[in-house]
Amino acid sequence: LSESGVPQLVQPMIWDYAADLDVEGKVHLIEKYRRCGFSKVWFASAFKGATGVNQSLTLIGHHLKNHLQWLKVARRSPPGVLEGIALTGWQRYDHFSVLCELLPVAIPSLAVCLQALENGGYSEKTKENVEKLLGISNLETETFMR
């Protein structure tokens, strides 16, 4: 791979939507990419559409936990290796499936995930910021929003 010249042409994107993402495994994967000559990598997460083919409501806690795990990977990675993170919001699993949760019901999840990434974590202050931004009184992360 190093000799092919590919590492000078592309940057790999590591996809994982799991709430219990394997931080150590991702750090080792980044090390392997660097040994092959890739100087930068991207992470890919999801704020909606990645928890079930027929999901109609977004469980914010799942996506928040995924982003917090990605932050751990970023902290354990060599400085400057992370080029960015793509927050995906899948609409369906394939073209033959029904739509999964729509954007309007996932906006609180998007806001929580963006704030967690921007602030380097999630705290009561982050929760209050999201509630204020969205004009809601009680952001529920472990149950479905009412």
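Are Lys 127 and Glu 131 buried or exposed? Lys 127 is buried, and so is Glu 131. The legends below cover this pair and other close-up views.

This is a predicted model, in which local features need pLDDT of at least 70, side-chain atom pairs count only at pLDDT 80 or more, and totals for chains, interfaces and linings use all residues. Residues are numbered from 1 along each chain as its sequence is written, and side-chain values use heavy atoms, with hydrogens and water left out.

**Figure 1. The whole chain.** The chain holds 4 helices and 3 strands. Helices (H or I, at least four residues) and strands (E, at least two) are DSSP runs, numbered from the N terminus. Along the sequence the pattern reads β-α-β-α-β-α-α. The C-alpha trace spans about 55 × 40 × 20 Å along its principal axes. The accessible surface is about 8,300 Å², and 57% of that belongs to carbon and sulfur atoms. Accessible areas come from the Shrake-Rupley method with a 1.4 Å probe; for residues, only the protein chains shown count as cover. Of the 146 residues, 38% count as buried. Buried means under 20% relative accessible area, exposed over 50%, and partly exposed in between (1.4 Å probe, protein chains only). Take the contacts between residues at least 6 apart in sequence: 75% of them join residues at least 24 apart. A contact means heavy atoms within 4.5 Å.

Figure 2. Lys 127 and Glu 131 form a salt bridge, with the closest N and O atoms 2.7 Å apart. The term requires a side-chain nitrogen of Lys or Arg within 4 Å of a carboxyl oxygen of Asp or Glu. The two residues are 4 apart in helix H4, so about one helical turn separates them. An α-helix has 3.6 residues a turn, so residues three or four places apart point the same way.

Figure 3. By the same rule the count comes to 5 salt bridges. One of them joins Lys 26 to Asp 16, with 2.8 Å between the closest N and O atoms. The pair links distant parts of the chain: Lys 26 sits in helix H1, and Asp 16 in the loop between S1 and H1, 10 residues apart. Both Lys 26 and Asp 16 are buried. The side chains of Glu 83 and Lys 40 also meet in a salt bridge (3.8 Å, N to O). Here too distant parts are linked: Glu 83 is in strand S3 and Lys 40 in the loop between H1 and S2, 43 residues apart. Glu 83 is partly exposed at 38% relative accessible area. Lys 40 is partly exposed at 27%.

**Figure 4. Aromatic pairs.** There are 4 aromatic pairs. Rings of Phe, Tyr and Trp (its six-membered ring) pair if their centres lie within 6.5 Å; planes under 30 degrees apart count as stacked, over 60 as edge-to-face and the rest as tilted. Trp 15 and Trp 90 form a tilted pair, 6.4 Å centre to centre with 40° between the planes. Trp 15 lies in strand S1 and Trp 90 in the loop between strand S3 (82–89) and helix H3 (103–119), so the pair ties together parts 75 residues apart in sequence. Trp 15 is partly exposed at 46% relative accessible area, and Trp 90 is partly exposed at 38%. The rings of Tyr 33 and Phe 38 have centres 5.6 Å apart and planes at 85°, so that pair is edge-to-face. Tyr 33 is partly exposed at 24%, whereas Phe 38 is buried at 6%. Ring pairs also link Trp 15, Tyr 17 and Trp 90 into a cluster.

**Figure 5. Helix H2 and its cover.** Helix H2 (residues 60–76) has 17 residues and reaches 25 Å from its first C-alpha to its last, close to the expected 24 Å. The expected span is 1.5 Å times one less than the number of residues. Buried residues in H2 include Ile 60, Leu 64, Trp 70 and Val 73. Their cover includes S1, helix H1 (23–35), strand S2 (41–48), S3 and H3.

**Figure 6. Glu 140 after helix H4.** Glu 140 lies in the segment after helix H4 (124–134). Glu 140 is buried, with a relative accessible area of 13%. The C-alpha atoms of Glu 140 and Leu 59 are separated by 8.9 Å, though the residues are 81 apart along the chain.
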